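Please keep the sequence and the 3D view open while reading.

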Amino acid sequence: MGRVEIRGMSKLFGNVRAVDHVDLATNEGEFLVLLGPSGCGKTTLLRMIAGIEEPSGGDLLIDGRVVTHLPPRMRDIAMVFQSYALYPHMTVYKNIAFPLRARGVKKEAVRKKVEWAAEMFKIGRLLDRKPRELSGGERQRVALARAMVREPSVFLLDEPLSNLDALLRTSAREELRQFQRRVGVTTIYVTHDQIEAMGLGDRIVVMSQGKIRQIGTPMEIYQWPADTFVATFVGSPPMNLLEQEDVLLGFRPETFLPTDAVEGSEGVVTYPFEVTYLEYLGAERLVYGNVGEKSHARHVVSRLPGSLTLPLEAGKTYPFAVARRDLRQFDRKSGLARSGDAA
Amino acid sequence: MTAPPHPESSPAACRGGVLDREGALAKLLIAPAVIYIAAMIGAPFVLAILYSLSDATTGDPGLRLVGLQNFQAALSDPVFRLALRNTFVFTLVSQSIVIVLSRILANALLKPFRGKGLVRFLVLLPWTAPISLGTIGWLWMYDSIFSPIDWVLRYLGLLGTATALLGPQTNLYWLGVPGLAMASVILVNVWRILPLATVIQLAGLSSIPRDLLEAAEVDGASPWRRTLMITIPLTLPIVSIAFLFGVVFTFTDLVVVYVLTRGGPVHMTQVLSSWTFFKGIEAGDLAQGAAISLFMFPVLAVVAVFILRMARRTEVV
């Protein structure tokens, strides 16, 4: 139940390819995150899966059934919109009941299901209120309840946490993940926030300019980015990229440390690091500076854990190093990762 | 020791004084509106009440109060009662048609299509034309002998032959047959009000967030259910405003009836405003005319209250 398969799907808006020949398949019960900068086509892809955007080409299968040209109501999917799209003239109860009533479920059964959903999202006391009387977090729960109440086989979420404040977002993320694990519904989740993507996804699909750049687990995406786009989009600060002859050498800021702090059974690469600027962030320090010769792209960042109290000063040069196993290579022209990792 | 003059107390700064005092400025800015309402609406209204309680005529507009005589006379006049009934029929039928047609038009204009700008322009055109000129155009369309509508019907074989659907006569006499005359007047009024109602409905429809309709679609609602459960409830306040404005315009309209039928045939299309005009101005009985026109006041007052309430509701949602 709930396997979504996308075959060669495209969407053109005029001459713009919003989605460009995307192939993608979810596993059953998986939490799949579509991650990318705004305008990368992730929301358009989600809307095509939902059926509210007609694809310009390609096919969509849900549980092996071709649903490309079926209206949304015949796809057995549910969606939570970024704005939540709660019906403003209906009470919370009627909002949650709406998908059931639309399917002609009997009144008594509707009541039971709505109470079940309200219980699950702890919004039982809000059932008589109108959406405008709810806080952002409550609205988000109502939207989730409305989507889940008819137990769809696929659950689509379009940046559902982006309207919450930072504190609430963290707890909502945790709840969402636990809830998805519990009900085991295949979930496709769109976000531009890499922290959300890393924290929530079983797998992450990184998109850019309508194309998929990489599909992988959060760890694969972070440790082994498929190209320089993924390397610099995921991670904050992004992966350092150094030009070296015909390759770009990549390493994460937290692997670029004072020579004494680097351990590497396979050896280390050392650089004289000319510090230009320091940021103290409590749990860590960000050290900005340059390495190597002036003619190359040589600006790099080092992220030092708070436990490393070594005194550093802007304007001075220190010996820094990266373990060989932490170095990644990318082709200078195509930006694609090269197999074989050592420099 | 003499201090140099403070810059704010110099004569130049004092001249800005009135504009700086918010209370005075508010009164100044609102004065034109108050004067306008008092002179153009308040005074005639008071005068109408005074006339309706007097025996004034155009020949002798002096005010000798006679109590409620004029209202009693109006109520016992069968033409007045007919005009009262006609006014309600005219208003409610034409506005019901307007609401349905304007929703259909607005829905069509919401979708992108080639030549949309031209269609929108044509839909709005009746509203921009002077009402009297437009109605005179319709007078020609309804001409008892040269009516182009009759000509088309004859051409289609619907009129003028022994077996024709609409009868063997060569003309329908749009403004000469009681039922047909009322229908003709209503049609012209629909043509007249439709543009305004369409624009209001269009505003209402485009104010519904697209997300909501898409959510309803994903939630499994059929197009019919989406209309019934989402679109209509969400546009109800603004549609009511379109309806109530139409009611006010139609209820008080004189031109359409005056130009097309002058209330005929035999008062069958007489409405309160036309009857007021014939009685009060053409027949010279100012007092009677004033009394008849005041019968419109309670209806319009109720409509005005509803409009204000609806306007508030649209703000809240």
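In this predicted model, D20(A) sits in strand β2 of chain A, which covers residues 16-25.

**D20(A) and its surroundings**
- D20(A) counts as partly exposed because 18 C-beta neighbours lie inside 10 Å, whereas a buried residue would need 20 or more.
- Apart from neighbours within four places in sequence, D20(A) has contacts with S10(A), G210(A) and K211(A).
- G216(A) is 196 residues away from D20(A) along the chain, and 19 Å separates the C-alpha atoms of the two.

**Chain A overall**
- Eight helices and 18 strands make up the secondary structure of chain A.
- Along the principal axes, the C-alpha atoms of chain A fill a box of roughly 75 × 45 × 35 Å.
- Chain A has 343 residues, and 38% of them count as buried.
- Among contacts in chain A with a separation of 6 or more, 64% join residues 24 or more positions apart.

**Helices α9 and α11 of chain B**
- Two packed helices are described by the angle between their axes and the distance between the axes.
- For helix α9 (residues 178-206) and helix α11 (residues 223-251) of chain B, the angle is about 160° and the axes are 9 Å apart.
- α9(B) and α11(B) are therefore roughly antiparallel to each other, as the angle of about 160° is over the cut-off of 145 degrees.
- The crossing in which α9(B) passes α11(B) is right-handed.
- Residues of α9(B) in this contact include I193(B), L196(B) and I200(B), and those of α11(B) include I238(B), F245(B) and F249(B).
- By class, the contact of α9(B) with α11(B) comprises twelve nonpolar residues, six polar residues and no charged residues.

**Contact between chains A and B**
- On the chain B side 15 residues are in contact with chain A, and on the chain A side 17 residues take part.
- The elements of chain B that give two or more residues to its side of this contact are α10 (210-218) and α11.
- α10(B) provides the largest share of that side, with six residues.
- The chain B side that touches chain A divides into nine nonpolar, one polar and five charged residues.

How values were computed: Residues are numbered from 1 along each chain as its sequence is written. Chains are lettered from A and ligands numbered from 1 in the order in which they are written. This is a predicted model: local features need pLDDT of at least 70, side-chain atom pairs count only at pLDDT 80 or more; totals for chains, interfaces and linings use all residues. Helices (H or I, at least four residues) and strands (E, at least two) are DSSP runs, numbered from the N terminus. A residue is buried if 20 or more other C-beta atoms lie within 10 Å of its own, exposed if 12 or fewer, and partly exposed in between; C-beta atoms are placed from the backbone. Two residues are in contact if their C-beta atoms, placed from the backbone, lie within 7 Å. Axes are lines fitted to C-alpha atoms, for helices over the stretch in contact, and angles run from 0 to 180 degrees between N-to-C directions. Angles under 35 degrees count as roughly parallel, over 145 as roughly antiparallel, 65 to 115 as roughly perpendicular and the rest as oblique. A crossing is left-handed if the near helix is turned anticlockwise from the far one by less than a right angle, and right-handed if clockwise. Ala, Val, Leu, Ile, Met, Phe, Trp, Tyr, Cys and Pro count as nonpolar, Asp, Glu, Lys and Arg as charged, and the others, Gly among them, as polar.
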